[in-house]
Amino acid sequence: MSGYLDAATAEPLHPAAREALLAALDDGWADPDRAYREARRARILLDGAREAVAASLGARPDEVSFTPSGTVANHLAVLGGLLARRRAGRRLVVSAVEHSTVLAAARLHEAAGGDVATVVVGPTAAVDTAAYADALTPDTALASLQAANHEVGTVQPVAEVAAACRDRSVPLHVDAAQVVGRLPIPPGWDILTASARKWGGPAGVGVLAVRIGTRWRSPAPEDDHETGRAPGPVALPLVLAAAAALQARSAAAADDARRLGQLSERLRSEIPHRVPDVEVYGPADAAARLPHLVAFSCLYVAGEALMTELDRAGFRVSSGSSCSSSALTPSHVLEAIGALTHGNVRVSLPSDADDAVVEGFLDALPPIVASLRDRAGVSGL
Amino acid sequence: MTVVDARGKRCPLPVIDLAKHISDVDPGDTVLVLADDPAAASDIAAWCRMRGHELVATREEDGAPAYEVRRLH
């Protein structure tokens with residue numbers, strides 16, 4: 001039993017990715033932009049990877065660019081979408097629960113004199129479509145909405161928000177990092193981003209897809225790679241491995257979602273029975289959640305201590321609690337939904353998770369929480 | 001008014017201090033928690049929701065955020 005339960009950060013490397021990576025180290029090292037034989041072979045491999053990734057995203061190959069990470073993809077998506085529509089306005093609309101990389105790009109835009117409108121969310125972290133639509137004023141250059149929330153698993157109403165954006169001729173960036181390779185891609189995006197390590201590809205590959213006809217201009221210094229969208233040569237072996245993993249994951253996605261969804265449901269229903277004073281987050285409706293992610297907070301417990309004890313017991317999870325992050329502030333997602341920010345745990349199941357790891361976690365958690373509470377002297381409070 | 005000074009303490013200590021002192025006051029009366037940990041804003045509100053008490057107001061007091069909590073039961 002592997003106790004690795006942090007797939008929302010990085011899904012373990014898919015065997016198909018490992019195989020492709022090893023082969024690519026021999027076949028895919030040359031620069032695809034050169035004209036000699038090794039380069040032509042590299043070009044064919046890169047084109048094939050692009051076609052495979054595009055097919056999984058429901059995009060055309062020439063709409064898809066590879067970036068060095070999901071972080072860079074989000075930065076380029078937001079800043080490039082804003083730059084291309086400067087004449088339309090300088091307003092960016094985001095939800096309060098976007099990934100920190102989207103919000104970091106938003107802050108840079110604000111520091112440069114732009115406007116950022118943040119759409120608040122309710123306790124489930126779901127965006128209200130009407131509230132989002134109301135934020136789309138005529139001077140809005142770009143809107144950004146995640147496909148699903150990375151900390152509590154909430155699937156956002158992307159199709160509905162996309163329709164509202166289309167009515168107002170505002171391009172929509174969809175950060176699809178948590179759904180690519182797991183759930184169908186929601187329709188209606190104009191710019192889409194993703195990260196290969198979330199689907200079982202290697203770290204070091206992000207995806208930026210820009211629909212034909214969508215206005216987007218690189219905010220980076222001029223560079224020819226990836227049709228001018230992502231500076232620098234692609235890490236071809238990593239891209240080939242990422243594409244192989246995505247093909248394999250996409251083929252198994254529906255089965256994985258069903259199986260992991262049942263395991264998540266077991267965690268969601270069982271944790272509050274076994275541990276007192278716990279709140280489980282995300283929507284109650286399974287169809288409105290990511291199948292593999294369960295987030296909860298334990299009252300009076302420090303998130304860092306909880307992660308350390310779970311690690312000692314063999315379980316690797318992440319936490320949005322401030323004492324467990326590099327910053328002193330708690331997760332903006334937990335704050336936005338009014339959650340308890342301490343004692344927070346995010347369990348995200350990798351594709352090989354099984355009953356044994358879930359039951360093991362359910363057995364390990366209650367005594368750990370109880371002993372941390374004993375140590376803090378909070379019993380009866 | 002009962003004041004709980006949790007300045008300089010990191011989460012979850014401000015909430016634990018509040019929980020320890022809420023029964024110092026009668027139902028209907030308030031406790032003022034001074035806490036400069038940024039997590040306290042969310043956590044005190046969440047604790048009130050979970051325990052059925054009321055976060056009446058948030059303000060500045062002695063240069064630190066102060067949370068006025070009414071004991072309801």
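Within strand 4 of chain A, A:Leu142 is the bridge partner of A:Leu92. The structure is a predicted model, in which local features require pLDDT of at least 70 and side-chain atom pairs count only at pLDDT 80 or more, while totals for chains, interfaces and linings use all residues. Residues are numbered from 1 along each chain as its sequence is written, and chains are lettered from A and ligands numbered from 1 in the order in which they are written.

The pair A:Leu92 and A:Leu142 belongs to a parallel pairing of strand 2 (residues 91-95) with strand 4 (residues 140-146) of chain A, which extends over 4 bridges. Helices (H or I, at least four residues) and strands (E, at least two) are DSSP runs numbered from the N terminus, and two strands are taken to pair if DSSP finds at least two bridges between them. In general, strands of a sheet pair through backbone hydrogen bonds, either parallel or antiparallel.

In chain A, 7 strands make up an open sheet of mixed pairing, in the order 1-7-6-5-4-2-3. Its edges are strand 1 (64-67) and strand 3 (115-119) of chain A, each of which pairs on one side only. Neighbouring strands of this sheet are turned by 20° against each other on average, direction ignored; axes are lines fitted to C-alpha atoms, for helices over the stretch in contact, and angles run from 0 to 180 degrees between N-to-C directions. Helix 2 (residues 37-57) of chain A packs on the sheet and touches strand 1, strand 6 (191-195) and strand 7 (206-210) of chain A. The direction of this helix makes about 110° with that of strand 1 of chain A. Contact between two residues requires that their C-beta atoms, placed from the backbone, lie within 7 Å.

Strand 1 of chain A pairs with strand 7 of chain A in the antiparallel sense over 4 bridges, and A:Gly206 in strand 7 is the bridge partner of A:Thr67. Strand 1 of chain A is covered on both faces, with A:Val64 and A:Phe66 buried on one side and A:Ser65 and A:Thr67 buried on the other. A residue is classed as buried if 20 or more other C-beta atoms lie within 10 Å of its own, as exposed if 12 or fewer do, and as partly exposed in between.

A second open sheet of chain A contains 3 strands in the order 8-9-10, with antiparallel pairing. Strand 8 (278-280) and strand 10 (344-348) of chain A are its edge strands. Strand 9 (residues 293-298) and strand 10 of chain A are joined by 5 bridges, and A:Asn344 in strand 10 is the bridge partner of A:Ser297.

The domain assignment, which is automatic or drawn from a database, divides chain A into domain 1 (15-247) and domain 2 (253-376). The C-alpha centres of these domains of chain A lie 28 Å apart, and their contact takes 19 residues from domain 1 and 20 residues from domain 2. The side of domain 1 that touches domain 2 has 11 nonpolar, 6 polar and 2 charged residues. In this classification Ala, Val, Leu, Ile, Met, Phe, Trp, Tyr, Cys and Pro count as nonpolar, Asp, Glu, Lys and Arg as charged, and the others, Gly among them, as polar.

Two glutamates of chain A lie in loops. A:Glu151, in the loop between strand 4 and helix 6 (158-167) of chain A, counts as buried because 27 C-beta neighbours lie inside 10 Å. Beyond four places in sequence, A:Glu151 touches A:Ala295, A:Gly320, A:Ser331, A:Val333, A:Leu334 and A:Arg346. A:Glu222, in the loop between strand 7 and helix 7 (236-274) of chain A, is exposed, since 7 other C-beta atoms lie within 10 Å. The C-alpha atoms of A:Glu222 and A:Ser331 are 35 Å apart.

The contact between the chains takes 14 residues from chain B and 22 residues from chain A. Helix 2 (40-51) of chain B supplies the largest share of the chain B side, 5 residues.
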